[in-house]
Amino acid sequence: MKNYSCILLFMFSGIFSLWGQEYWQQEVNYQINVKLDDVHHRLDAWIEMEYINHSPDELKDIYIHLWPNAYRNSETALGRQNYSSDYEMFPNGPDKDAGWIDSLDFRTSAGPISWEYDANHQDIAILHLSEALKPGQKLVFNTPFQVKIPSGEISRLGHIGQSYQITQWYPKPAVYDRDGWHQMPYLNQGEFYSEYASYDVSITLPKNYVVGATGDLQTSSERNFMDSLAEATLERYDREGRITKKGRGGRDSAFPASSKSWKTIRFTQKKVHDFAWFADKRNQVLKGELELPHSGRKVTTWSLFTWGNSELWRRAPEYIRDGAYYYSLWNGDYPYDQITAVDGTISAGGGMEYPNVTVIGNSGKAIDLEVVIVHEVGHNWFYGILGSNERVHGWMDEGLNTLNEMRYMSTKYPDNKYLSDMVLNGSFHLNDLDHHDSGDISYRLLAGIGEDQPIETHSAAFNSINYGIVMYQKTGLVFHYLKEMLGDSLFDQGMRKYYDTWKFKHPQPKDLKRVLEQESGKDLSWLFEELIPTTKHLDFKLKSVRNTKDGTRIRVKNKGQLEVPLKLTVFAGEEKEVLLTNPFKGKLELHSKLQGVDRVIIDENKQIPELNRRNNQWNRGWLFKRCEPLKLEFLIGDMERDRNNHFWLPLMAANAHDGFMLGLGAHNMGISMNHFQYLLAPMYAFKGKRASGIAEFSYRFLPAKGIKLSRVGVSVKSFSQGLTSQAQDRSEAYYLGISPYLYLKLGNRGPVKDYEQNVLFQGLFRQDYLDGFTNRSGAFARYRLKLSKKRFRWELMARTDYLADVDSGEDMLRYQLSSTYEFKYLNREKERWIELRTYAGTFAFNHFASGTISNQMTQLALAGTNGIQDVYLEDYYFDRQYTRNWSGQRGENMGGFKSTSDYGQGADWLMTANVFAQLPFGPRSLGIFADVGGLKQGTVVYGVFNTGIGLRFGDFFGLYFPIYNSDHLEAAYTGKNYLNRIRFSLRLNPVNRPLPLQQIF
């Protein structure tokens, strides 16, 4: 219900919001003179600021952003954030690449202002006013300043050679609003929040620089210069045509000499909250024009680029024009007189936006360049004109902009295959995926493994993957969902009202919600209070379709975790009916007036970001009307919603006892993921003359709280083995293992944390055939905690194992605890780590008879498990008898000694410490190791030690060459063949392991 009293209040007062609360915002007006020193890469400048206090509060202090200081050293907030993202800010030393702002002297006409740096952030200053600034008063103050321009490889402010991106470069008051001061350090991930202002900026630099900037160019000679460059660029296109492949996609590397003459050019602009400029002597220029859809007003467009990218940038004026046209059409007309896109040296992603001007990174294809230009130009609306707090509510900027980007692509290119072209040109059945699918599949993949975060997350609290996928893509998807529920016309009406009401202001999420609710007449709490601030998932299911006397009865179920609306489409011959519901949970019955229905589909246009769309259709022509027809494809593909996709692939493998194996695999693990997944990998072993292979079946749950992901499943493995036996034909020896498991990824899907926890419960039913059958059963429980900090990583693992021989009744209970600490001892261009690991293992009891195979299976292993001791079948071994050429294979577990000796097996208790240090030279995989330990055998305690050189390739493969062994370890070797002492580890198990996030994205 609309609040008509509030609407009347708004009509009588321009300073009140639609909801009866006084709205105010501060105002800043700038005059800046700056000179570029392109020899020493410095700016010499002077700034005057007029700060007007429109708040109801007296201000005793004013916070000033000095963001160039973010580049001063690696201890700034920017330096720490970059480091946490595995990027060393100054790989070649601080002096060469660093940047800063200095020579500050804040003054008013009455004299100097006392000021200091913020205690925690050197890129924030605090001005202490001698007299409080009262409501309605203004303060005029000025300061000289110098900026050392940092390397453009670090972030958004910087230079590459004599190509300059001058952004966030001047002293700038922080926002003061109803929530107080919003002083914030500069960050790469997490953008800005600034006061609206007017700018009058004069830039002095060598005469042959070409400049693109915020604002309108006021210098007539420079306007003539730019027009002449635009004419010359067109003539060059006519003269030289398309560039050769040799230069495609690159930039001219040589900078012409700077002119000895200087020029001063002046830009002015009102109602913007930032000023940026870009300068490059190599720039070509294209000039265009845009007619706005509502007012018909003309806007000038500028494209600045190097000739090395001229093939791609030839159509840049079209991209700017079309992007600005559609954004104006859907949201409201562009209010300024010019839009500029610059082919820059940006190092902070594909592009970066500023009022009136955007800088664009390198693109490989025309469509990629168009997408980036449209997205960055679109930020003039969502960031520029609608000045939300990007640091706190980044989705109001990036997400709403992505909504419009998605809509632009589907409007201009309705048949686009954007994602298909991006991924191997549509190979592996990925041949019908468009731009919208790129965001949809990315989100569903991320959410499917329980690693998504809420849309309403502080920008700095996102991990880098969620920052791109959730804040950008998921927000775009959920607002497409809203648009689908409201219809284009009503949605556009709401967005244009939001634009008209809040342009040049600082809207909050509640402001957007209220406008859209007023214009639509609907309660949108399901979106703003459930879908945006949580990670609860959507899942609808079509239950039944039944004919009735007056139409068709359709039953649907909301299986998801949110009370949300649904759009359903009913087809009967040439007729079509669309049914919309209110938000609901559980089951719902709908009625269609159509009879003789052929097909019913939930979310026909795929606008609802469901994790599972395989239960959304009923089709009279299908054999099983609610089950999609089977479709078998090679290797992998996307999960089509109208097909039951399964995949096949040829298999080859080998081990010492099965020999060469050949088979045919099947699975349903496509893109994106099903809740139920299976893998079947049967193979025929030519040496073992039997069927071998693996199978796994699992089901994923995504609880709303407490657990990010739970997965219950069962793994089946069967291979030949060579365990000691009286059987003359060892090829008859084999094992069959069945392992049910429950895997829990603990925690909530919220702000990124520096630790993660998981728990695994796994059972075992194992049958070994030697001279007869031996049956064993057991289980283990494992808890793992991982902590990651700036310069160290720590992992704790606690595990309890139980095993019983079903036939004899013998059993054992074993405890293990390990701790692994890694720290970085070298930074900069040579990042090197040292790993320190400790381990302790013992038995509560072990009732297996000495010398039996079961006893060998349960032994504690100084050198890590061999094939026999991998009793729970957690890894693959080339030779489970470990007496042949593969005897050096051991697991990276238990005692962790880099040895192939059997010494130290079967101990009463075992304690070890292991060190692996990457060498400061050569490849990172090369290191030295040292192991020390103690173990108890019977009543005697023994100490052991070894050391050597190793190669490690992540957690996948390790190869170790011992140099020295202590006496007990050395005496255990029966031969002098050094090859038998080389130890290796190999992790090949593709199932029943948590999948690291970086392996997916």
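Predicted model: local features only at pLDDT ≥ 70, side-chain atom pairs only at ≥ 80, totals over all residues.

Residues are numbered from 1 along each chain as its sequence is written, and side-chain values use heavy atoms, with hydrogens and water left out.

**Exercise 1.** Classify the pair of tryptophan 395 and phenylalanine 479.

Solution. Rings of Phe, Tyr and Trp (its six-membered ring) pair if their centres lie within 6.5 Å, and planes under 30 degrees apart count as stacked, over 60 as edge-to-face and the rest as tilted. By this rule the count comes to 57 aromatic pairs. In the pair of tryptophan 395 and phenylalanine 479, the centres are 6.0 Å apart and the planes 20° apart, so the pair is stacked.

**Exercise 2.** Classify the pair of phenylalanine 929 and tyrosine 960, and decide whether the two residues are buried or exposed.

Solution. The ring centres of phenylalanine 929 and tyrosine 960 are 5.8 Å apart with 90° between the planes, and the pair is therefore edge-to-face. Both phenylalanine 929 and tyrosine 960 are buried (under 20% relative accessible area, with exposed meaning over 50% and partly exposed in between, for a 1.4 Å probe and protein chains only).

**Exercise 3.** Which lysine lies over the face of tyrosine 960?

Solution. A charge sits over a ring if NZ of Lys or CZ of Arg is within 6 Å of the ring centre and within 35 degrees of the ring normal. Lysine 898 lies over the face of tyrosine 960, at 5.6 Å from the ring centre. Likewise, the charged end of lysine 148 sits over the ring of tryptophan 100, 5.5 Å from its centre.
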